[in-house]
Amino acid sequence: MADALQQRLSTALVWLGDAIAFLSRTAWPLVDLLIRIWIGKSALVLSVLISPTDDGRPHGGGSYRFPDLSLGSTALLSQVYWLAAISLIFGLATRVGAAVLLALTSASHIRVAALDLNLFWMALLAYYVLLGADRLSLDRLLSQGLKKSPRCAGGALITLLDATRPALTAIYLLALRVALIVDAAAGGRHMATTTPEIHAWLPGGARRRDFRNEGVALALLIGSGLATRATALLAVVDDRLPQDDGR
């Protein structure tokens with residue numbers, strides 16, 4: 001009986017692993033493209049809002065907070081946003097475009113407004129800085145020809161980036177898990193003694209949520225990488241549930 005149960009469990013785990021691998025090959029490139037389009041579209045909107053009008057004021061001056069910049073700096077910033085957004089959407093020099101947007105988003109988070117959306121963008125953009133775009137991108141299309149060209153020095157760089165991709169993926173996922181640990185374990189009572197600067201780098205849910213036993217358990221499971229997908233799903237469901245503030 002025990003052997004039969006173990007065999008069924010082993011078969012189910014193998015099937016689950018195959019399903020995840022299949023989705024990674026087929027669905028992820030499309031998801032990757034949609035994420036790039038979403039971030040790039042928002043960056044294009046920002047470039048329009050920041051761009052100055054004929055009288056020197058930003059187009060979105062009444063609806064968006066802007067840093068205090070000169071007219072020339074504002075126009076330049078608008079162009080930088082536009083170029084980085086196009087780079088990300090089409091997947092052309094993706095790492096460069098993502099690095100520019102990551103720097104601009106970090107600066108906006110510090111100097112303009114500390115928003116949860118900025119933190120989400122930074123997590124996604126850090127992925128593209130380290131790993132680049134997936135198959136549905138101009139980078140991947142051009143890299144095949146560049147790697148085969150003996151006269152192109154960029155082929156060696158592309159080969160190096162491909163070779164370091166597994167290590168960079170591991171580093172990124174570890175950093176992301178550490179960030180999720182902080183979010184799951186940082187409760188309102190325990191974070192009360194920290195500075196506003198630290199609070200600005202925590203999602204709003206972590207700042208509002210009391211430190212609960214399930215938060216500790218989720219943090220430990222995510223940190224150890226044990227049943228990570230199931231634990232992450234539980235964390236999402238737990239964050240969606242109404243929270244008891246203890247009053």
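Helix axes here are lines fitted to C-alpha atoms over the stretch in contact, and angles run from 0 to 180 degrees between N-to-C directions. The model is predicted: local features need pLDDT of at least 70, side-chain atom pairs count only at pLDDT 80 or more, and totals for chains, interfaces and linings use all residues. Residues are numbered from 1 along each chain as its sequence is written, and side-chain values use heavy atoms, with hydrogens and water left out.

The protein has 12 helices and zero strands, where helices (H or I, at least four residues) and strands (E, at least two) are DSSP runs numbered from the N terminus. Of the 247 residues, 27% are buried, meaning under 20% relative accessible area, with exposed over 50% and partly exposed in between (1.4 Å probe, protein chains only). Contact means heavy atoms within 4.5 Å. Among contacts with a separation of 6 or more, 62% are between residues 24 or more positions apart.

Helix α5 (residues 116-131) packs with α4 (residues 94-111) at an angle of about 155°, with the axes 8 Å apart. That makes α4 roughly antiparallel to α5; angles under 35 degrees count as roughly parallel, over 145 as roughly antiparallel, 65 to 115 as roughly perpendicular and the rest as oblique. α4 passes α5 in a left-handed crossing, which is the case if the near helix is turned anticlockwise from the far one by less than a right angle. Residues of α4 in this contact include Ala-98, Leu-101 and Leu-102, and those of α5 include Trp-121, Met-122 and Leu-125. By class, the contact of α4 with α5 has 13 nonpolar, six polar and one charged residues. Ala, Val, Leu, Ile, Met, Phe, Trp, Tyr, Cys and Pro count as nonpolar, Asp, Glu, Lys and Arg as charged, and the others, Gly among them, as polar.

α5 also packs with α2 (residues 28-50), at an angle of about 130° and with the axes 12 Å apart. α2 and α5 are therefore oblique to each other, and their crossing is left-handed. Among the residues that meet are Asp-32, Ile-35, Arg-36 and Ile-39 in α2 and Trp-121, Leu-124 and Leu-125 in α5. This contact of α2 with α5 divides into 12 nonpolar, one polar and two charged residues. Asp-32, Ile-35, Arg-36 and Ile-39 are also among the buried residues of α2.

In the loop between α3 (71-90) and α4 lies Ala-93. Its phi is near 55°, a positive value in a residue other than glycine. Ala-93 is partly exposed, with a relative accessible area of 39%.
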